[in-house]
Amino acid sequence: MSDNSVETVKDTAENFEPKILVFACNWCTYAGADLAGTSRLQYPPNVRVLRVPCSCRVNPQFVIRAFQRGIDGVLVAGCHPGDCHYTTGNYYTRRRFLLINRMMEYMGIDPKRFHTRWISGAEGPKFQQVVTEMIEEVKAIGPNRKLRDDMKVTVNTPSTDEIVASVESDTKVVDDNA
Amino acid sequence: MKASANDVKRLNNLIPKVGVVREILDETPDVKTFRISTPEGEKPFTPMPGQLGMYSMPAVGEAMFSVTSQGPDYIDMAIKKTGVLTEALHAMEVGQEVGIRGPYGNGFPIEKLKGRDITFVAGGIGLAPVRSLILYCLEHRADFGKINIIYGGRSKDDLCFKKDLFENWANLEDANVYVTIDRPQEGWDGHVGMVPDYLREISPNPEVAVVCGPPIMIKFALVALRELGFKDEDIITTLELRMKCGIGKCGRCNIGSNYVCLDGPVFTQAQLNEMPNEY
Amino acid sequence: MKFIEKTNLTSLLAQLDAQYRLLVPVDYHGLTQFAPYSQVDSGVSQLYLDGNVTVSPKTVYLPQSEAMYKFSAQGKKLAIEEMPPLDRMQVLFGVRHCDTKAIQCLDKVFLDDTFADPQYKDKRDKTIVFSLACNNPKATCFCESMGIDRAHAEQSVADVQVYDLGERYGFEAVSDKGQACLNALNGMTDGEAKLPEQKPQSISFDAQGLPEKLKEMFDHPIWDEYAFKCLNCGTCSYICPTCHCFDINNKMRGTTGLKLRTWDSCMFGEYTQMAGGHQPRPGKKERVRNRFLHKLQYFNEKHNMSLCVGCGRCIAKCPVNMDITKFIRQVIAE
Amino acid sequence: MPNTFAEIQNEMRNIAKELLESGEATMVIGWEKGALPYQSTPVMIRSAEDVDKLIWDEYCQQNLSTYLIDYIYTDEKVAIFAKGCDTRAYNRLIQDNRIKAEKSIVIGVPCLGMKNAREAAKLPEGAEVPMANACKECRYPNPVTFDRKIGEDVTPWCTERDFSDVEAIEALSADEKYAFWQSQYTKCIRCYACRNICPACNCTSCIFDQSASGWCSKDVNASENQFYGVTRAFHVAGRCIECGQCEMVCPSEVPIMLMNKKFIKDIDSLFGAHEAGIDIDTPAPLSHFSVSDPEEFM
């Protein structure tokens, strides 16, 4: 039903550097990522960490929105079950993401692009290992185009002549989605 | 020299022009007046008193406001902070470029008001649309009869346009300004009480009344005005509903078959009596 | 009249497709709507001429989401750029008579004297409408009762009148634009033909005096009766060929974005919700009443025509089977 | 015991009359005949004189329990007729605290499965109309809760859900799955009929009605539509009573139940079998947890 005559953004497979979004629980995974940093553990710079109060703060919309806006892989990470700062939050996370992981796969998203992991504040090396592996996997399967709702808008501040010209020129109208 | 986009005459009424915020004036803790002109320093458009302008921050949203006053090269809009867009507008600094389009709506029936005594009744931010008419009347003073301005706010701090109320208009010999606040307050030696009661006290000559304010004030002011002998066709008010297009197409601001953005926002009480009570 | 055998329709459509951007009624995975002919060509959709489509041709002139302008808002700077107009003529094939009337309703709104809408006008000007007369109405059709001429499409909208003559289609130009388009087509024969027989519609009533009656019924208990079952979804408004209310939204990516015009429905609370909290139409009753009155009374008062054209889409698709014709008949009988 | 459609219909009218005359109920919500033979539509009866409007046939699809939400803050005492799925919806709404048992009277009606109205519209007149998709898999045709009941219980014609349609999608490759859902969600016009008819979608305000919040744009495209579809499916996961109304009312014929059934299938296999709305004591699977839930995230 959409008919936006604006080009969507297209990635090129060459020189592909994946964008990985990590939803990190404030109490464990964020501390784990911090530990990885202070321990000078190296991992590729493709990771964007987004701190959340608890892994159960993440709902499916966050994950889909990330894919919509150009993320190639999503990792949701929190405390190990039993260690939740809020006692039970990550048990809910577990239930929820057992389902969401399957639903994302059902929608046709490659399971390699979407993971849930328990990473504690002491597991700096695990953080390094999980994200490094994920980046390599995603790099291998290439950029994500599924669910993308991105667009590139270039706005000119044209002179009078230019506007008239663009009205008359043979501009491309994108056909309805087939 | 590169010309700006505003040089092109836009045929599409839904596409705003670029305007620049030249001055921001704090009226009350939650009302600010924004002075807008085009990047070239010209007036974006010339509204008649009571007409509306669509003001937008394209990244946030767009909403309709009444133009409170105008000069040779600017228009002013007083805006109260109530939602997402108005919050963003309040966070603006001088020099910010915004979208602006207009003028929309019918405006006040100036011809009908000529030669008659006018009583302005306003509450809170309701003074904003009325102010454009007050300024017009003062500018063309000889065309109108007696002018009474009755204005109320919840407290001293909530009174808009204090400079007008207490300096510009208060010192005029041919206009009376009556200001009241709802409850007694330290440092306030003026009138205390509700606008409708104050209106009864003042008992202006029942010729024409222009009313604007919160719905509850309008409701009781209407009772008072009728008691004083104002006729429904001489009670003029301006309405506000949610609007998107401003040109009678997007649908939402209808009251019966009238669109507030097109056939309003100014209606007489006699007209409103004929319309469905859905505003 | 010009003719083409039904078996040659594809070749005719292929000719049109070569010259214009051709839009035809299709069935796309169960949803019938107007779509580019390329969808039929590639087999994604099937040509659908058995009845009227679910999503009305208003989408061609007023798409569900349409970019109005582009903008960039960086720091204190703002730049705005209009969207380009259509780059070529398009042909809209197979619009039913009720929908041509509906387009006339949209014209009243979008092509008015003071604030004509250039984006709408551009599409109207650049579209050649082939209107197809219905011989076999559906059980939900009641266009005749709403004053639609079943033999002739609305003259201000249609450019070519098409008749289903059994084994072949008959074409008659209605406008110069249509005549020029027809003249350029090959493989058509000339001749005379009797207009096809049109089966009567099962829903039939006399809607005379409806707006005047409704004017007195704003506070009538009938609204409780009808509004009670409404779910306040937007199905009726979205599939209605005349419902034209829209919202203005933005779609931002970074500092640039698009201002979109998207469909909206008076059934949704957000439609009239004001920032300060005021809601002039808070419930089902007010919303259903507004929709029905807009269709049957308000539009009449403004433009002297009904905003309901009797296409019957809402009867077919309403989740709770709200029946506007029952409402009309009940009002007439009041 | 009344058992035929006509007998049950007659009994419905009698009970409605009795409830209204005695003042036990201030209104009765049932079904009346709609514009077409394959359409029945909810009707509100306030006076005993009007009870003859009530009908009972194979097209009384609409779930009347959801209407009770509209009267929760009024003084009305509302009686509704309820099929098996409607009573499950009723239980769910009680569990979600959206209706009050003391303000309603549930008159249970055993159901033989409703016919597929959408198919009926496409078939020639007089043709045999198949049963509605969701009804084919119905395991609870008899009311699971009621204040009164009409007719004898029927024997369920289905004992186990049929997940073959879900499995067929699961068997596709990732790209095929994506292409399938794209083709379906391209059709969505976001009228929200599925949401508004759903007894599990009973929130007082919905994120999709707050476009200013930025949660979901009003731009209608396959991606945003899918965002809506998954969000809604997840929101009703574990609370879906499988009435299939969402799919039935969709003007674009999006197979919404395919999403809901996927969640049902996974919930059953991961957390143990669950039937929403069978009683008011079992909590919804996503509103609690077990420490012994499967662990896949180490």
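1. In chain D, five strands make up an open sheet whose order is β2-β1-β3-β4-β5 and whose pairing is mixed. The edges are taken by β2 (40-45) and β5 (148-149) of chain D, each of which has a single partner strand, so one side of each is left without a neighbour in the sheet. Helices (H or I, at least four residues) and strands (E, at least two) are DSSP runs numbered from the N terminus, and two strands pair if DSSP finds at least two bridges between them.

2. The model is predicted, so that local features need pLDDT of at least 70 and side-chain atom pairs count only at pLDDT 80 or more, while totals for chains, interfaces and linings use all residues. Residues are numbered from 1 along each chain as its sequence is written, and chains are lettered from A and ligands numbered from 1 in the order in which they are written.

3. Within the chain D sheet, strand β1 (residues 27-33) and strand β3 (residues 78-82) run parallel and are joined by three bridges, with D:V28 standing opposite D:A79 in β3(D). Helix α1 (residues 5-22) of chain D packs on this sheet, where it touches β1, β2, β3, β4 (104-108) and β5 of chain D, and its direction makes about 150° with that of β1(D). Contact here is counted between residues whose C-beta atoms, placed from the backbone, lie within 7 Å; axes are lines fitted to C-alpha atoms, for helices over the stretch in contact, and angles run from 0 to 180 degrees between N-to-C directions.

4. Chain D is divided into domain 1 (5-149) and domain 2 (164-287), the bounds coming from an automatic or database domain assignment, and the C-alpha centres of these two domains lie 24 Å apart. The contact between them involves 20 residues of domain 1 and 17 residues of domain 2. On the domain 1 side, the elements that give two or more residues are α2 (84-95) and α4 (133-136) of chain D, and the largest share, eight residues, comes from α2(D). By class, that side has eight nonpolar, seven polar and five charged residues, where Ala, Val, Leu, Ile, Met, Phe, Trp, Tyr, Cys and Pro count as nonpolar, Asp, Glu, Lys and Arg as charged, and the others, Gly among them, as polar.

5. Helix α8 (residues 222-236) and helix α10 (residues 256-271), both of chain D, pack with their axes 9 Å apart at an angle of about 40°. The two helices are therefore oblique to each other, on a scale where angles under 35 degrees count as roughly parallel, over 145 as roughly antiparallel, 65 to 115 as roughly perpendicular and the rest as oblique. The crossing of α8(D) past α10(D) is right-handed, meaning that the near helix is turned clockwise from the far one by less than a right angle. The contact is made by D:G229, D:A233 and D:V236 of α8(D) together with D:M259, D:N260 and D:F263 of α10(D), and by class it has four nonpolar, two polar and no charged residues.

6. Helix α8(D) also meets helix α2 (residues 60-68) of chain A, the axes coming within 10 Å and crossing at roughly 165°, which makes α2(A) roughly antiparallel to α8(D). This crossing is right-handed. From α2(A), residues A:P60, A:Q61, A:I64 and A:Q68 meet D:S223, D:F227, D:V230, D:T231 and D:F234 in α8(D), a contact with five nonpolar, four polar and no charged residues.

7. Between chains C and D, 37 residues of chain C are in contact with 30 residues of chain D. The chain C side draws two or more residues from each of α9 (235-239), β12 (246-253), β13 (256-263), α11 (313-317) and α12 (324-333) of chain C, and its residues divide into 16 nonpolar, 13 polar and eight charged.

8. Chain B holds an open sheet of seven strands in the order β10-β9-β8-β7-β11-β12-β15, with mixed pairing, and its edge strands, β10 (191-192) and β15 (266-268), each pair on one side only. Strand β11 (residues 208-212) pairs with strand β12 (residues 235-238) of chain B in the parallel sense over three bridges, and B:V210 stands opposite B:I236 in β12(B).

Key:
Contact = placed C-beta atoms within 7 Å.
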